[in-house]
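Here is a short briefing on how one protein chain packs together. Look through the sequence and the model first, then read on.

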Amino acid sequence: QYFPGNTLLHRLDPRTKLLGTVAYIVALFLAKGIVGYAVLLAVLAALIAVSRVGLKTILRGMKPILVIIIITAVLNLFYTPGAGEPLAAFWIFKIYPEGIWAAVYMILRIAMLIACTFLLTYTTSPILLTDGLEKLLGPLKAIRVPVHELAMMMTIALRFIPTLLEEADKIMKAQMARGADFESGNIIQRAKAMVPLLVPLFISAFRRAGDLAMAMEARCYHGGEGRTRLRILKLTRADAVAALI
């Protein structure tokens, strides 16, 4: 989703935001200890405040990955070895202080990583994302890499994620109205119940892809060669300051 606005984060060049997002993700995986994560959390909080997107919007977007966060935290909690005596032990599972810290750090890492990428898409339109990606990957044209097509594909994928989620919700509600049950049973039974949902969802996705391709051909789309842009990307002093920070 893109939330139009005129904040400092919205006005930054998409290349600056893309490189900043990559740098933030790298810093997340290199961070060690409370101080490192506290600094990165403070930076993220400042970015959310500047963007004026709202913390509730960020948290609401994290609901689909809540299960992944929980599973990852549990695995780190039980499978991180410790040097001393375990705090608790039952059957083959042992909980060490190192495991607790590893679980906490992993939760923070995944949550902040997702929140950072949300800010990128919330404050940058798909067209600007495409232009920014194409500019950053521009040097690869020298070795005949189809940079424009790759950037377009990535942007289209981002653009249609909300559409496919909405389509899946409609199909699920329609099947539940006809007696389908997606909530009862164990994990394996729930996974099997999702198969009838995936088939029409894939058919709908391929149909949308075909319609999009026909619409692009009808408008004489032929790639990036000779193509002009409505907005010319220009790095400003604000971009230099943001990149330095």
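By about how much of a helix are Phe 118 and Tyr 122 separated? They are four residues apart in helix α6, so about one helical turn separates them. Keep in mind that this model is predicted.

**Aromatic rings**

- A pair of aromatic rings is described by the distance of the centres and the angle of the planes.
- The structure holds four aromatic pairs.
- One of them joins Phe 3 and Tyr 122. This pair is edge-to-face, with 4.9 Å centre to centre and 80° between the planes.
- Phe 3 sits in the segment before α1 (8–11), while Tyr 122 belongs to helix α6, so their pair ties together parts that are 119 residues apart in sequence.
- Phe 3 is partly exposed, at a relative accessible area of 30%. Tyr 122 counts as buried, because its relative accessibility is 5% and the cut-off for buried is under 20%.
- Phe 118 and Tyr 122 form a stacked pair. Their rings are 5.6 Å centre to centre, with 25° between the planes.
- Ring pairs link Phe 3, Phe 118 and Tyr 122 into a cluster.

**Nonpolar cores**

- In soluble globular proteins, nonpolar side chains tend to be buried together.
- The largest nonpolar core here has 22 residues. Tyr 24, Leu 44, Ile 58, Met 62 and Met 112 touch the most other members.
- Helices α2 (14–30), α3 (33–51) and α6 (97–122) each supply at least two residues of this core.
- Helix α6 gives the most to this core, with ten residues.
- A second, separate core has six residues. Among them are Ala 168, Ile 171, Phe 182 and Leu 201.
- What does Met 112 contact, leaving aside its neighbours within four places in sequence? The partners are Tyr 24, Leu 28, Tyr 37, Leu 40, Leu 41 and Leu 44.

**Helices α2 and α6**

- The axes of α2 and α6 come within 10 Å and cross at roughly 180°.
- Angles over 145 degrees count as roughly antiparallel, so α2 and α6 are roughly antiparallel to each other.
- On the α2 side, the contact is made by Lys 17, Leu 18, Thr 21, Tyr 24, Ile 25, Leu 28 and Phe 29.
- On the α6 side, Arg 109, Met 112, Leu 113, Cys 116, Thr 117 and Leu 120 take part.
- The residues of this contact divide into nine nonpolar, two polar and two charged.

How values were computed
Residues numbered from 1 in each chain as written. Predicted model: local features only at pLDDT ≥ 70, side-chain atom pairs only at ≥ 80, totals over all residues. Heavy atoms only, no water. Core = buried A, V, L, I, M, F, W, Y, C linked by side-chain atoms within 4.5 Å. Buried < 20%, exposed > 50% of the residue type's maximum accessible area, 1.4 Å probe, protein only. Contact = heavy atoms within 4.5 Å. Phe/Tyr/Trp six-rings, centres within 6.5 Å; stacked < 30°, edge-to-face > 60°. Axes fitted to C-alpha atoms, helices over the stretch in contact; angles between N-to-C directions. Parallel < 35°, antiparallel > 145°, perpendicular 65-115°, else oblique. Nonpolar A, V, L, I, M, F, W, Y, C, P; charged D, E, K, R; others polar.
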